[in-house]
Amino acid sequence: IGRVFAGLVIASVLAIIIGVAIRYYAWFEKLTLPTITLLSPVSPIAWLPVAIFLFGIGNAPAIFMVVVALFFHMVLSTISQIDGVSRNLINVARTMGASKRQIYGRVIVPAILPGLLLTLRLNLFGAWMVVLVAESTGVGYGLGQVIMLARNTFNPSLVFFTIALIGVLGFTFDWLLRQTQKRILYWVPETTGVLRGL
């Protein structure tokens with residue numbers, strides 16, 4: 001849980017800051033976006049030797065792999081969300097005399113939050129997969145290593161128990177994110193079941 005949470009928080013904070021900066025500063029976009037686009041298709045598993053070389057064995061390489069797996073996708077998602085903000089909202093803010101910084105802080109950031117939180121929820125499941133792969137390859141003891149041990153000792157009950165535990169943990173994390181989303185995005189109306197009445 002600690003590896004998933006730490007990697008998710010680090011990747012999300014860095015990605016959102018960098019994604020906003022890319023659209024805020026033209027020079028920063030030219031400096032960073034080509035590299036981010038180049039590295040984004042690389043599988044996080046390919047970073048495993050780099051993680052072990054840099055951090056050895058333990059929590060750090062697993063967290064590093066989660067950060068790498070989520071960071072590039074989150075940056076591109078942030079940029080896409082910013083590009084999708086209604087021009088009408090921006091034009092209204094400009095008409096009212098808002099500066100560029102105020103437009104970002106009071107118009108763009110609130111507008112992209114729903115999409116970013118949805119991306120965060122989707123990234124949660126990716127974080128679990130990366131951590132399990134990292135643990136199963138021996139970077140540190142955890143549920144991934146338990147599954148490998150159960151497989152090697154022909155213990156199917158332990159495999160299914162671990163899978164169920166991972167499912168419960170993933171569901172709990174997702175529920176907590178949804179509750180957080182409702183509190184943060186208090187101005188967004190509930191849309192659950194909106195199509196059922198059509």
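Helices α1, α6 and α8 each supply at least two residues of the lining of the largest pocket. Helices are DSSP runs of H or I with at least four residues, numbered from the N terminus. This is a predicted model: local features need pLDDT of at least 70, side-chain atom pairs count only at pLDDT 80 or more, and totals for chains, interfaces and linings use all residues. Residues are numbered from 1 along each chain as its sequence is written, and side-chain values use heavy atoms, without hydrogens and water.

**Stop 1: the pocket.** Select Leu8, Leu117, Leu120, Leu177 and Thr180. Of the 16 lining residues, these lie nearest the centre of the largest pocket. A pocket is an open set of points on a 1 Å grid where a 1.4 Å probe fits, with protein on both sides within 12 Å along at least five of seven lines; lining residues have an atom within 4 Å of a point. The pocket holds about 340 Å³ of space, the volume being the space filled by probe spheres set on the points. Helix α1 gives the largest share of the lining, six residues.

**Stop 2: helix α1.** Select residues 2-24. Its 23 residues should span 33 Å at 1.5 Å a residue, and the end C-alpha atoms are 33 Å apart, which agrees. The expected span is 1.5 Å times one less than the number of residues. Its buried residues include Leu8, Ala11 and Tyr24. Buried means under 20% relative accessible area, exposed over 50%, and partly exposed in between (1.4 Å probe, protein chains only). The buried residues of α1 pack against α2, α4, α6 and α8.

**Stop 3: salt bridges.** Here a side-chain nitrogen of Lys or Arg lies within 4 Å of a carboxyl oxygen of Asp or Glu. The count is four. Select Arg23, Glu29 and Asp83, which are linked in a network. Arg23 meets Glu29 at 3.1 Å and Asp83 at 2.8 Å. Arg23 is in α1 and Asp83 in α4, so this pair ties together parts 60 residues apart in sequence. Now select Arg121 and Asp174, which form a salt bridge at 2.9 Å, N to O. Arg121 is in α6 and Asp174 in α8, 53 residues apart. Both are buried.

**Stop 4: Pro44.** Select Pro44, in the loop between α2 and α3. Leaving aside neighbours within four places in sequence, Pro44 is in contact (heavy atoms within 4.5 Å) with Met65, Ala69 and Val130.
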